[in-house]
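Q: I have a model open and want to go through it. Can you take me over the fold, then some details?

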Amino acid sequence: MNLVHKIEHWGDTHHPKVLDIVRIVLGVFLLVKGITFMENTSYLRGIITDQDVIDVSPDMLMILVYYVSFAHMVGGILIAMGILTRLGCIIQIPILVGAVFLTGIFQEPINTMLWPSITALALLILFTILGSGPWSLDKVLSFKG
């Protein structure tokens with residue numbers, strides 16, 4: 001059994017049910033954030049262009065904006081429903097790392113969106129290790145004959 005399988009097995013056997021509620025709330029939060037970004041792409045474009053660490057072309061900027069919006073919506077649904085949770089979390093982690101380090105820390109000393117980003121990143125890492133849990137579609141579908 002390799003390391004990934006050991007981590008998956010440990011996560012599947014050590015997952016309290018109350019964490020499923022946290023997982024669902026995280027998924028809904030990411031879904032709503034993705035819908036908000038999709039409805040107001042100029043806001044997300046402004047967040048990315050306001051940071052001075054990286055410079056991207058206008059075409060790459062729009063690809064990034066739509067990737068972030070789409071990934072938040074799809075990943076949020078996967079995480080909330082508890083199906084392919086680890087995949088949904090892995091898709092989200094690079095986005096949240098960017099949110100924390102590129103836009104959160106370098107913008108202003110007191111950034112109100114920094115703490116939700118840090119919290120979401122920590123929870124994504126947690127659910128990448130623990131998986132979906134007992135109250136999930138993964139669990140329901142695994143009993144299918």
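This is a predicted model: local features need pLDDT of at least 70, side-chain atom pairs count only at pLDDT 80 or more; totals for chains, interfaces and linings use all residues.

Q: How many helices and strands does the protein have?
A: There are seven helices and zero strands, and the order from the N terminus is α-α-α-α-α-α-α. Helices (H or I, at least four residues) and strands (E, at least two) are DSSP runs, numbered from the N terminus.

Q: What share of the residues is buried?
A: Of the 145 residues in the protein, 36% are buried. Buried means under 20% relative accessible area, exposed means over 50%, and partly exposed is in between (1.4 Å probe, protein chains only).

Q: And what share of the contacts is between residues 24 or more positions apart?
A: Such pairs account for 78% of the contacts with a separation of 6 or more. Contact means heavy atoms within 4.5 Å.

Q: On to helix 2 and helix 6: at what angle do they cross?
A: The axes of helix 2 (residues 18-39) and helix 6 (residues 114-130) cross at roughly 125° and come within 11 Å. That makes helix 2 oblique to helix 6. Axes are lines fitted to C-alpha atoms, for helices over the stretch in contact, and angles run from 0 to 180 degrees between N-to-C directions. Angles under 35 degrees count as roughly parallel, over 145 as roughly antiparallel, 65 to 115 as roughly perpendicular and the rest as oblique.

Q: Which residues meet there?
A: From helix 2, Leu-19, Val-22, Arg-23, Leu-26, Phe-29 and Leu-30 meet Pro-116, Ala-120, Leu-123, Leu-124, Leu-126, Phe-127 and Leu-130 of helix 6. By class, this contact has 12 nonpolar, no polar and one charged residues. Ala, Val, Leu, Ile, Met, Phe, Trp, Tyr, Cys and Pro count as nonpolar, Asp, Glu, Lys and Arg as charged, and the others, Gly among them, as polar.

Q: What span should helix 4 have?
A: At 1.5 Å a residue, the 24 residues of helix 4 (residues 58-81) should span 34 Å, and the end C-alpha atoms are 35 Å apart, which agrees. The expected span is 1.5 Å times one less than the number of residues.

Q: What comes after helix 4?
A: Gly-82 follows, with a positive phi near 75°. Leu-84, in the loop between helix 4 and helix 5 (85-107), also has a positive phi, about 55°, although Leu-84 is not a glycine. Leu-84 is partly exposed, at 47% relative accessible area.

Q: What does Thr-41 touch?
A: Thr-41, in helix 3 (residues 41-50), touches Val-65 and Tyr-66, not counting residues up to four places away in sequence. Thr-41 counts as buried, at 18% relative accessibility, and Val-65 is one of the buried residues of helix 4.

Notes:
Residues are numbered from 1 along each chain as its sequence is written. Side-chain values use heavy atoms; hydrogens and water are left out.
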